[in-house]
Amino acid sequence: MKLPTTILCLLFILLLNIFSGCSQDTEADKLKIGFSQGLGNHPWREAMNHSMEIQASLYSEVDLNIQKANGSVQKQISDIQKMIDQNISIIIISPIDSKSLVPIVEKAYSKGIPVILLDRKIDSDQYTTYIGADNTEIGREAAKYIIADSKSDKKILEIKGDDNSSPSLERSQGFQEIINNQPNAHLIESFKGFPAEKFKSTLESMKNQSLYVFAFNDELASQAWQVARSLGVENNIKFVGVDGLNTRDGGIQMVMDGKLNATLLYPSGGAEAIETAIKIHKGNAVPKRIELGTTVIDRFNAEIMKNQFDRILEQQGTIENQVTAIKKTTKLYSSQNILLQWSIVLLTTMLCSVAYCIYLIYTIKFKNKQLTLTNEKITIQRNQIEHIAEELKESNEMRVNFFTGISHEFKTPITLILSSIDSLKDDDKSKGKKSPYELELISKNSNRLLRLIDNLLDFRKIEDKNFNLRVSQTNIYDFSYAIFRDFENEAKKRNIQFNIQCNKKDQELFIDRNLMDKVYFNLLSNAFKFTPDNGKIEINIIEKGNQVTIHFKDNGIGIPADELQNVFQPYFKGSNNRKNSSGIGLHLSREFIRLHLGTIEVSSFQGTEFTITLYKGNKHFNEDQIIREVNITAASLMEKEPEYMTIEPEITETFTTEDSQYTLLLIEDNRDLSQFLKNKLQNEFDIQLSDGTDAIEKALHTVPDIIICDVNLPDKNGFEICEILKNDLRTSHIPTIILTAMDNEESYLQGLKSGVDLYLTKPFSYPILIQSLKSLLYNREKLRYYYTNNINRISETRSFGNLEQQFVSSLNKNISENLDNPDFSVENLAESLHVSRVQLYRKVKAIFNENISDYISNFRLEQSKTMLQDTTLTISEIAYKNGFSSPNYFSTVFKNKYGLSPNAFRKSL
């Protein structure tokens with residue numbers, strides 16, 4: 001009995017050694033990964049933890065231990081210290097603070113433990129690698145999305161993170177970097193964290209203005225939306241968040257629900273951290289920084305992204321179930337393996353166990369194959385998303401190429417127009433006739449249109465780096481003087497001191513004449529645009545050493561000091577610039593000068609000065625860039641030539657007196673259009689001109705019969721001017737025509753809301769304009785006739801809601817209440833209406849075409865006439881009740897008005 005017992009004991013000891021050896025081998029092969037999660041209780045952090053657990057579950061050798069600090073720096077330091085003490089293979093850290101964790105991280109790194117930083121950085125480089133998205137670029141992408149949303153001015157609020165972590169600082173830095181360089185974007189206020197009351201106060205102060213809100217994450221954006229909703233202004237605000245979680249209350253769902261306009265996908269990086277840890281464990285080299293990609297999710301792709309993420313989540317769920325099944329199977333397999341060891345003693349059990357193990361092996365292989373297929377599907381879906389993004393990029397390029405092509409097509413008809421105009425002008429010149437004003441106007445504006453199209457094409461070439469420089473030897477003074485002559489007429493017309501000086505008039509430079517002509521034209525056009533009448537503009541050419549500097553100086557409105565660095569940026573428009581501008585002229589000028597290897601600088605003090613610096617000689621150009629051209633006409637010869645004809649309309653003499661004409665106030669900042677309309681209309685109207693800066697003052701001073709107003713004006717726009725005049729008692733009766741190039745529905749509705757009587761779009765038909773003027777004036781006369789013949793029938797009980805009827809109702813009410821008061825004067829009436837006597841006189845004259853004294857007298861006579869018809873009062877009683885000083889005076893006035901005495905009128909009834 002001892003032998004079997006001994007044999008059994010030996011077998012038992014052997015099996016224990018086998019089992020313990022297997023257990024030790026298993027422990028030795030385990031990859032222990034510790035993850036210190038700094039923050040908790042946030043869906044994005046939970047998503048990070050979950051993605052780590054899923055990825056780790058795919059590797060049986062990985063043992064993942066997640067420790068949550070829940071925002072406590074001390075707990076996170078303690079957790080990391082425990083991981084160091086436990087000899088964790090690799091430590092992954094999502095730090096709370098960039099400074100406090102530096103000592104413990106450096107301690108772990110110095111002990112040879114690989115340290116992976118996830119999502120947030122620290123103020124040290126003593127770590128293995130950093131995994132996370134580029135937060136600065138995320139801030140930039142958010143800003144670019146807001147800028148690209150529309151071309152109108154944008155007012156923006158920023159809600160930053162409530163700590164000093166690297167994502168908070170970098171997102172804000174990237175966002176403000178783009179916004180501060182955009183002239184039509186204004187960062188109103190930047191909040192740290194989310195001070196709800198302060199944010200609410202800011203929204204209330206902005207009233208119903210359109211705003212953009214960029215939040216550090218989707219949770220803050222949701223809180224901001226809730227505040228806006230409580231104020232009822234959520235539809236006026238466009239919210240942009242960051243995270244793009246695919247959860248019930250996540251960023252993608254909020255975009256689909258309309259709460260957010262966009263969210264930027266901010267990947268957690270959990271899966272990438274596990275993959276990187278495995279690579280490090282295997283001895284593979286990894287980069288110091290692993291950048292995760294991001295994308296903008298808006299209403300155009302939110303549903304696509306949600307469907308893709310749902311499918312990914314579904315696949316992940318399948319993977320989790322499969323991994324759980326594998327773990328269970330593996331555990332079962334381990335049990336069977338122990339049983340197999342015992343089956344060495346028990347052969348029958350061993351045979352059964354072997355058969356079952358073979359079955360389990362095939363099952364595991366099948367599951368692994370399914371996992372591989374699932375991963376391949378995910379890869380295909382990712383490639384599809386990348387393909388869609390590439391198609392969007394190509395579509396945008398096609399749109400740009402289309403507009404460039406259209407611009408090319410414009411040049412042919414414009415060239416034909418200019419050629420035809422030149423032919424007509426040459427024909428007039430050969431006949432000794434002066435070309436008509438309209439022909440000169442067509443020529444000037446056709447050339448302007450051609451230059452604008454050239455700017456558009458040049459801008460496209462600059463973007464594509466497709467410019468071929470063609471320089472030739474040129475006398476720079478003669479070249480400059482020729483362009484100087486083109487602007488002389490404008491200077492004389494506006495009494496601007498326009499001078500050109502040069503310290504060496506025979507100086508030769510190698511320049512591309514075509515490009516340099518565009519540079520001169522842009523700089524001089526800007527100088528004349530922003531220099532007031534009676535101002536000063538100078539061109540000064542100075543030769544010094546191996547360089548020549550060309551100075552363009554004016555004493556105009558200047559450029560704000562904090563905007564000088566943005567002057568040469570595309571689409572830049574100064575905050576003090578109230579004029580129409582494409583914003584690409586100065587950008588093109590700088591690029592053209594750079595092609596010459598020169599520089600252009602700007603300064604602003606009591607005006608603006610641009611300084612161009614060019615090198616002498618041609619050694620800085622390639623041989624294929626140098627061409628030979630004929631010499632420019634010398635400046636001395638051009639000085640002897642007669643000046644170009646000034647484009648001014650011929651004033652047609654009119655014999656109509658001022659009193660018989662209607663007064664028309666024309667508010668237009670384009671001098672050519674203003675002069676054209678004045679020349680056309682001056683035979684029928686007394687024309688008053690305004691460039692928009694003094695429009696309201698002129699309207700209140702002259703009180704015209706009708707107004708024509710442009711929309712884009714230097715100070716207030718046409719809608720604002722019209723609204724102010726329509727809400728002013730002195731001018732509310734004046735018909736107003738808006739004349740503008742904006743033909744969209746929004747502008748038309750805005751015009752109607754501001755009280756515009758007629759909305760005409762450019763280009764307009766002159767016959768339609770003149771007929772519109774006549775129709776509006778005719779309707780005004782009909783309304784005047786109605787008021788005059790229904791003096792005592794107009795009351796507020798049948799109000800049409802306009803200011804004139806309210807005024808007439810108040811006027812009649814005050815006269816009626818004082819009808820029996822013979823001492824009631826015009827001054828008393830003006831005081832009760834809260835207007836001056838002069839304003840009352842002008843208003844009554846404009847509405848009834850009679851003075852206020854006559855109006856009061858007619859009102860009393862109408863009331864007397866009614867009493868004669870409807871009452872049995874005596875003539876004397878009626879006279880005194882209606883404020884007449886005596887019955888005799890009443891009879892005289894009544895007979896003069898109606899042709900019968902009061903007594904005779906009553907008998908005739």
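Which residues do ring pairs link into a cluster? I looked at the rings and found Tyr477, Tyr481, Phe484, Phe487, Phe498, Phe521 and Phe528 linked.

**Ground rules**

I am working on a predicted model, where local features need pLDDT of at least 70, side-chain atom pairs count only at pLDDT 80 or more, and totals for chains, interfaces and linings use all residues. Residues are numbered from 1 along each chain as its sequence is written, and side-chain values use heavy atoms, with hydrogens and water left out. Helices (H or I, at least four residues) and strands (E, at least two) are DSSP runs, numbered from the N terminus.

**Aromatic pairs**

I paired rings of Phe, Tyr and Trp (its six-membered ring) with centres within 6.5 Å; planes under 30 degrees apart are stacked, over 60 edge-to-face, the rest tilted. The count comes to 18 aromatic pairs. I then checked Phe487 and Phe521: their ring centres are 5.6 Å apart and their planes at 50°, so the pair is tilted. Phe487 sits in helix 14 (residues 476-493) and Phe521 in helix 15 (residues 513-530), 34 residues apart.

For burial I used relative accessible area: buried is under 20%, exposed over 50%, partly exposed in between (1.4 Å probe, protein chains only). Phe487 is buried at 9%. Phe521 is partly exposed at 26%.

Next I took Phe568 and Phe610. This pair is edge-to-face, 6.1 Å centre to centre with 75° between the planes. Phe568 lies in the loop between strand 17 (547-554) and helix 16 (585-595), and Phe610 in strand 19 (residues 608-615), so the pair ties together parts 42 residues apart in sequence. Phe568 is buried at 8%. Phe610 is buried at 6%.

**Helix 2 and helix 10**

I took axes as lines fitted to C-alpha atoms, for helices over the stretch in contact, with angles from 0 to 180 degrees between N-to-C directions. The axes of helix 2 (residues 43-57) and helix 10 (residues 270-281) come within 7 Å and cross at roughly 40°. That makes the two helices oblique (under 35 degrees is roughly parallel, over 145 roughly antiparallel, 65 to 115 roughly perpendicular, the rest oblique). In contact (heavy atoms within 4.5 Å), helix 2 brings Met48, Ser51, Met52, Gln55 and Ala56 against Gly270, Ala271, Ala273, Ile274 and Glu275 of helix 10.

**Helix 7 and helix 8**

I found helix 7 (residues 196-206) and helix 8 (residues 218-231) packed at about 50°, axes 10 Å apart. They are therefore oblique to each other. Ala196, Phe199, Lys200, Leu203 and Glu204 of helix 7 meet Ala224, Val227, Ala228 and Leu231 of helix 8.
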